[in-house]
Amino acid sequence: MSFWTFVSRILGLARDIVFTSLLGAGVALDAYVVITKIPNVFRRIFAEGAFNQAFVPVLSEYKENNSENEVKVLINNVFGVLASALLVITAVVLVITPIFVLIFAPGFYEEPIKKELATDILRITFPYLFFVSLVALSGSIMNTYGKFSIPALTPVFYNLVLVCTAIWIAPLYAVPVYAIAWGMFVAGCIQLLIQIYPLLNLGLLPKFSLDLKHPGVKKVVYLMIPGIIAGGVTQLNMLVDTILASFLPTGSPTWLYVSDRLMQLPLGIFAIAIGTVILPRLSSLHQTENTQEFSKTMDWSIRLVLLIGFPAIIGLVVLSEPIILTLFERGEFLAADTSKTSLSLIALALGLVAFMLIKVLIPGFFARQNPQTPVKIALASMLVNGLLAWLLAFYLGFHHVGLAMASSIAAYFSIMALLFMLLKNKIYQIESGWLIFFARMIISCLVMYFIVALMNIDMVLWRELDQVQRAVKLLLICTAAIISYAGILWISGLRIADLRR
């Protein structure tokens, strides 16, 4: 799963490089990144977030305790309810699109061009939510049956379609961003079609059935409604940031978008992959009442996230400007954009471990079909994020960097509260060996930091290099960092066998 997610993220990076080169940090890309955030946030909350975390435990329960026919009936009814709800939501949004733009991008109403672009783009891209939510349903079914490759592979096609659209079709349009928006619509259709064959192989291709009184459907809805907040807290915080960013100077949404996309590389490849894999495992362990193994699985996932997250923070912070210079500074994306983006990247990167841990801590509650606790924490976190975003971005004048800082602080607030509740309720009990683990990790991180700092050069010298030289230099630094980090971990006694679960 991490391999295909890695391929998808690399293609996503290529997509963003093409977008920024074609459109720059201007009005068109600002409108696109803000407006497409709406269906994407809904996707991550309803589909990949709350729906996945509500449906997988229920499906696991049916798989363990019921007949194959009863499992199919559950899937058919969940499919019917989800598809019907999505069609209604999509139809409503298409009818009242200007109101949605006013709600989620109020700052755009002050500029007629941004308002028109935003309205048009939302009408084209919002149906993507319908397609990708059904893709998430398919992924949940396959994950529950131990099939992780196809769900992880599917986003590769999304990014491929958008890269091809941006390179070959968008330049033919008078307003290229419209072609990119239609590319997103087409990509959603293709993603959904890919799911048909593997579901047929499992004999679980959903058929439309609409029984709202089915006990499994009622349980999914019961878990999903509070999970909309709990499962999507990070995305909701990012949506608040997006709304506030619409009031900031032109370019701010794009700078935040590029920073967030770079953050998604380690977050998607590792944290989301780990969280997705452990949810069916934890659900199964809860059904068999194996509390000891449940806790050990959580302990393993936390250690793995920390082991990956801390060196990623070092790399993103120390090399923030060289990374953005190498990847994005070309075409309409200028040196000033690189500088602005690097600042928000640093602010977001400092919260990376927290963002990653959220993805593996929340499944600990949802696997037990207990969404109430993370809901309360999520609401508190949203309040913290909103207050800090206003204070840092507008009152103290940090603008887009303030929004990024608020997200990071709110994420740390969330993980502290989640960990406290997991420990208090004895859902998770700390295993032995943490002191040695921390000592190994800190020493390895320090060695890695000194090597990265030593090999890094001044930005003036970075700009004197051509594109190939920059890429080679950055690759060498990253390779040396990985080797040094892994090498010190190995010397200190950590082995691959220690990371297996």
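Which helices each supply at least two residues of the lining of the second largest cavity? They are helix 2, helix 11 (233-245) and helix 12. Helices (H or I, at least four residues) and strands (E, at least two) are DSSP runs, numbered from the N terminus.

This is a predicted model, in which local features need pLDDT of at least 70, side-chain atom pairs count only at pLDDT 80 or more, and totals for chains, interfaces and linings use all residues. Residues are numbered from 1 along each chain as its sequence is written, and side-chain values use heavy atoms, with hydrogens and water left out.

**Cavities**

- On a 1 Å grid over the protein atoms alone, a cavity is a set of points where a 1.4 Å probe fits but cannot get out.
- Lining residues have an atom within 4 Å of a point.
- Grid points are joined across faces, edges and corners, and a volume is the space filled by probe spheres set on the points.
- The count is 6 cavities of 30 Å³ or more.
- The second largest cavity has a volume of about 120 Å³.
- Its lining has 11 residues, and Lys37, Thr242, Pro253, Leu256 and Tyr257 are the closest to its centre.
- Helix 11 gives the most to this lining, with 4 residues.
- By class, the lining holds 8 nonpolar, 1 polar and 2 charged residues.
- Here Ala, Val, Leu, Ile, Met, Phe, Trp, Tyr, Cys and Pro count as nonpolar, Asp, Glu, Lys and Arg as charged, and the others, Gly among them, as polar.

**Pockets**

- A pocket is an open set of grid points with protein on both sides within 12 Å along at least five of seven lines.
- The largest pocket holds about 1,400 Å³ of space.
- It is lined by 39 residues, with Leu265, Phe270, Ala312, Cys478 and Ile482 the closest to its centre.
- Helix 21 gives the most to that lining, with 11 residues.
- The lining of the largest pocket has 34 nonpolar, 4 polar and 1 charged residues.
- The second largest pocket holds about 380 Å³.
- Its lining has 16 residues, and Asp299, Trp300, Arg303, Asp498 and Leu499 lie nearest its centre.
- Helix 13 supplies the largest share of this second lining, 5 residues.
- That lining divides into 6 nonpolar, 2 polar and 8 charged residues.

**Nonpolar core**

- A nonpolar core is a set of buried Ala, Val, Leu, Ile, Met, Phe, Trp, Tyr and Cys residues joined through side-chain atoms within 4.5 Å.
- Buried means under 20% relative accessible area, exposed over 50%, and partly exposed in between (1.4 Å probe, protein chains only).
- The largest nonpolar core has 155 residues, of which Tyr32, Ile35, Phe55, Leu262, Phe328 and Leu357 touch the most other members.
- Helix 2 (residues 27-65) gives the most to this core, with 17 residues.
- Ile35 touches Val101, Ala105, Ala118, Ile121 and Leu122, leaving aside residues up to four places away in sequence; contact means heavy atoms within 4.5 Å.

**Cysteines**

- The whole structure has 0 disulfides, a disulfide being a pair of cysteine sulfur atoms within 2.5 Å.
- Cys445 is in no disulfide, and its nearest cysteine sulfur, that of Cys478, is 15 Å away.
- Cys445 counts as buried because its relative accessibility is 9%.
- Cys478 counts as partly exposed, at 34% relative accessibility.

**Asp120**

- Asp120 sits in helix 5 (residues 112-125).
- Its relative accessibility is 26%, so Asp120 counts as partly exposed.
- Asp120 and Leu343 are 223 residues apart in sequence and 31 Å apart in space, C-alpha to C-alpha.
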